[in-house]
Every structure is written in C-alpha cells, then in structure tokens.
Amino acid sequence: MKTESRLEKVLAAGHLAVTSECGPPRGAMPDKVREKGRHLLGIVDAVNVTDNQTAMVRMSSLAASVILKQEGLNPLFQMVTRDRNRLAMQADILGAYSLGIDTMLCLSGDHTKFGDHPMAMNVHDIDSIQLIQMVKAMRDESKFQGGAEIKGAPKMFIGAAANPFADPFELRVLRLAKKIAAGADFIQTQCIFNVDKFEKWMEGVCARGLHKKCYILAGVTPIKSVGAARYMKTKVPGMDVPQEIVDRMASVPKEKQPEEGVAICVETMERLKKVEGVAGFHIMAIDWEEKVKEIVERAGLLPRPQV
Amino acid sequence: MITAERKPLEELIEYVRPYKRILLVGCNECVTVCAAGGRKEVGLLASGLHMALLKSGSAIEIREHTLERQCDPEYVDELVSMIDGVDAIMSMACGCGVQELARRFKGKPVFPAVNTKFMGASERQGVWAERCQGCGDCLLGKTGGVCPIARCAKQLMNGPCGGSTGGHCEIGEDVDCAWALIWERLKELGQEERFVEIMPAKDWRPGGGSGPRKIIREDLAE
C-alpha cells in the first residue's frame, strides 16, 4: 500500500469501489456541505470535492474536504491547475494531508471562459500530468517540485481524470498511459452514456495492460430530465450522450423522468461491471446527492466493504 | 510579428482633447503589416480625430509622421525636428514603440493609439492569430512545429484536455485544438512516439517568470 487511503484499501482488496461527488456551495455555508455529505455517509468509499468546478467560485475544495472529514466521510480532494501556481498547490497539498486528507484528484480544470469570472487569468503554471508527477515526487521522494527536501511527506493516493469521448480518439488511450506513467494510481472517467465507445476505449486500455497498472473507475451520471440530457449532448464539451438516451428520457412524462434517469444509470453500471478493467464507479449526481444511495443499492454495491 | 488593433476613436479623442497640437507617429514595421498603425492608418486616424473634434467645436493641429521602426532609438531621432511646439504625442506603434517615444521625449505626454495584442501570423487576408508567447525556451521541435503554450487555451504540455472536440478547442469552434494539430503533424512526420514522452513542468524564468527580460549580446553591445 502506498497510502492510508480508504479508497486504495477498497481497490487493493479487489472490491468494486464507489465514489461520488460533492460540489461545495457558493457561499460560506458549512451546513450545506454537511447536508450533502449526510446523503453519502456509508454509501461511498470516497467523496470527490470539486475545486471551483465549471470555473465558478465556490467554497475551497480543501475547506469542504475538511468539513466532510469531520462528518466521517473520506474526502477526495480535487485540485485544478487553473487557479494556482505550483507553490500554492504544494502548500495546499501539505495542508490537506496535515488535516487528514489522503486522496486527491489532479485536473487541469474547465476554462475560465465557462465560469462567472471569465475576466480572470488562467494560471496553468503546470498541467494536470505535471501535477500528478509533482504529487508523486512529494509522496515517494519527499521532494518539492523545486527539488528541495520535504520533511513530512504528504502520502496522497493519486487520481486523475480520463475522457474517452473527447477527440482525437486515438490519443485517449495514449494520454491515459501518460497519466499512469506520471504516477496516477486511479482514474475517474467522464460520465459514460455511450457504453459502446467506452468499451472500445477500454479495449485499447487493456491491450496495453494499463488496467493492471492503475484502477479505473467508470464515471456515471443519473440524468434528471430530458432537458438535462439535451444540454449535456449539445452544450458540454467532451460529453457524448447518444440520441437514444435523449429519446428514452423524452419518452416518459416529465414527472417520471428522474426515475428513468436513475434506471438508465443503474443499467449502465450493470453493463459496465462486465467490461474488463473496470475497478469501480464514480457517480456524479450533480446536486442530486440524495439519489446516490438508491443507485448504489440498486447496482448491488451496498453495503460498502469494511477494510 | 507583433499584432495590434486600433483603439476606439472615442478613447483616443479623450486623450487628445486637452491639446492644441499633437504629433501622430506611425511605424512601418509590424503594425503596418497588420494594418493597425502604418502610414495609411496614421492618415485615417488624423482625419478621424480632426472631424470628431471639429464636430464638438474644438480644433486640433495634427502633425503626421511614420517612422521606419519606432522601437529603435536611431529612427526615433528623426522626430526631434518635429517635436517643437507639440503638446503631446500619439503613437500608433506597438507598446514597444510607445515606450521608446516616452523615453526619448521626456517632457511630452505620449498616448497609445493601438492595443498591442500578440505575436502572431496571418492566417488569411485580414485574419491574424496568436502563435508565440515568447516563453524563452522554444519547444516547437518536440511538438511538430505547433506551440501548445501559445495555442492551447490551458497551456497543456502533455496532450489535449477532455474538451477537445472535432479538432477545435472547448472555448470555441473558431479556435483550433493545438493538440489535435500537434498530433496530426506528428503523424505526418512519423513522430508519434514524441507524444508519449512526458514534458516536465516548465521553467518559466526565460518566459518572464524572473522579471523583465533583456538580451545582452557581448559581441554587439557597445
């Protein structure tokens, strides 16, 4: 074991891991974080805490992670390279680990253009792969990125994201290979709606033996409405929502659509369980944390293993 | 070249309104090529300012001159004979030219008439696009001749983000994904293996991280 991370223990023991997500509030509202956390307590192995997601200012990922930790959850501290340079990132990694956070996800982040501060500078001192390298060197070599020694190395279980649905498709396996070579221990994928395409990507992943070097958690999202399905299909860069999903959502009355979205999500998970190399699930129920329990239960993944 | 765009006339009028006599200085280099501040644009701006000020009941005398290169002290000296009696200078050069005039003519206010944009190339008639950010440590030899620092919206050095769609960047369909271009080039060159190599975190010191930059060529410096 590289770390004390509960997620690492679950994965190392060969269980299908389950993670979910908590977007911190847009205000100093610690109770909101606690409320979201309560829906996930005992349901998932780790909770991703997003870092100014969609480039909108929110409570810091670090602060919200600590609040969730206090509530008995295992925060998965997300960090984007968009908002701070390598000094600030390393400082936050040391701070997070000192506050009991042992699992993180390294991302580049959505462009500021999409958020509420489009006038802000995108920092990008380093990219997501270089962030993975940095966190790994901090953990395994007790080295700061600048080369100096760290006394008290932060032992982070290192995650990264992969999007099998973005272009160019032929680079998607190669980019995953780079993230793994940089030091990613686990991967969480973009939401999977197009399972055929995901399977094709996983074939490439397995052909290179990458699933043996890193745990791959398949990302899923329950869709709340046909409007949400259409929005994701047309407006979200790098998202692949097949027309049949939109049609299926449209085929049921509005009040039944949330139920249909959950059903699609559970069916997708059942199909993904059979895909070689899938080590678990990352359920992104955006502002719908209360549905995660039902999804995990219906997917036959409750109770969570004790490790 | 360094590209620039003329500032809105309204902003320029406010700069010159307090003055009776100004010197409007163009540059025959980059800003001429990108049609922002060459001889022709000097003429157009002079008449624009004249007309606008006349309309508001004031008059201004504008001396026009376009230098071969406004960022070069040798050429800027040409202005010495024209500067007497001038209340202010307006420069149509890039920021380098504006600052050279300000340095040379201490007693005169100098105003920029253009917004200096980026180092770029012409994509087609009337369209210029960013190509270089002057990072001081060129990596084009590793990326198939396409720069991810200047052309990837996130300056990613190790491949496309999850927002790359159909060859364009997530920020807009009119922006190419630099990594899609890089990958195409690497394939054409049979250098696909270059993609696999991880590019380490960049040292930004040559790129301005260590403060304002200077080149001193001992063999040429006096």
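Predicted model: local features only at pLDDT ≥ 70, side-chain atom pairs only at ≥ 80, totals over all residues.
**Cores**

The largest nonpolar core holds 91 residues. Those with the most contacts inside this core are A:Val47, A:Met104, A:Cys106, A:Ile132, A:Val135, A:Ala184 and A:Ile187. Helix α5 of chain A, residues 128-140, gives the most to this core, with 6 residues.

A:Ile187 can be looked at in detail. Apart from neighbours within four places in sequence, A:Ile187 is in contact with A:Gly159, A:Ala160, A:Ala161, A:Ala162, A:Leu176, A:Cys214, A:Ile216 and A:Leu217.

**A helix pair in chain A**

Two packed helices are described by the angle between their axes and the distance between the axes. For α5(A) and α6(A), the latter covering residues 169-182, the angle is about 20° and the axes are 8 Å apart. Angles under 35 degrees count as roughly parallel, so α5(A) is roughly parallel to α6(A). The crossing of α5(A) past α6(A) is right-handed. On the α5(A) side the contact is made by A:Ile129, A:Ile132, A:Gln133 and A:Lys136, and on the α6(A) side by A:Lys178, A:Lys179 and A:Ala182. Sorted by class, this contact of α5(A) with α6(A) has 3 nonpolar, 1 polar and 3 charged residues.

**Contact between the chains**

Chain B puts 24 residues into the contact, and chain A puts in 27 residues. On the side of chain B that touches chain A, the elements giving two or more residues are α7 (178-188) and α8 (193-196) of chain B. That side of chain B has 13 nonpolar, 9 polar and 2 charged residues.

**Backbone sites**

Most residues other than glycine have a negative phi, and most peptide bonds are trans. The table lists sites that depart from this pattern.

| Site | Feature | Angle |
|---|---|---|
| A:Asp167 to A:Pro168 | cis peptide bond | omega near -20° |
| A:Leu302 to A:Pro303 | cis peptide bond | omega about -5° |
| A:Ser142 | positive phi | phi near 50° |
| B:Ala35 | positive phi | phi near 55° |

A:Pro168 lies in the loop between β5 (157-162) and α6 of chain A, while A:Pro303 is in the segment after α11 (292-298) of chain A. A:Ser142 belongs to the loop between α5 and β5 of chain A. A:Ser142 counts as partly exposed because it has 14 C-beta neighbours inside 10 Å. B:Ala35 sits in the loop between α2 (30-33) and α3 (39-55) of chain B, and with 15 C-beta neighbours inside 10 Å B:Ala35 counts as partly exposed.

Definitions and conventions: Residues numbered from 1 in each chain as written. Chains lettered and ligands numbered in written order. Core = buried A, V, L, I, M, F, W, Y, C linked by C-beta atoms within 7 Å. Buried ≥ 20, exposed ≤ 12 C-beta atoms within 10 Å, placed from the backbone. Helix = DSSP H or I, 4+ residues; strand = E, 2+ residues; numbered from the N terminus. Contact = placed C-beta atoms within 7 Å. Axes fitted to C-alpha atoms, helices over the stretch in contact; angles between N-to-C directions. Parallel < 35°, antiparallel > 145°, perpendicular 65-115°, else oblique. Left-handed = near helix turned anticlockwise from the far one by under 90°. Nonpolar A, V, L, I, M, F, W, Y, C, P; charged D, E, K, R; others polar.
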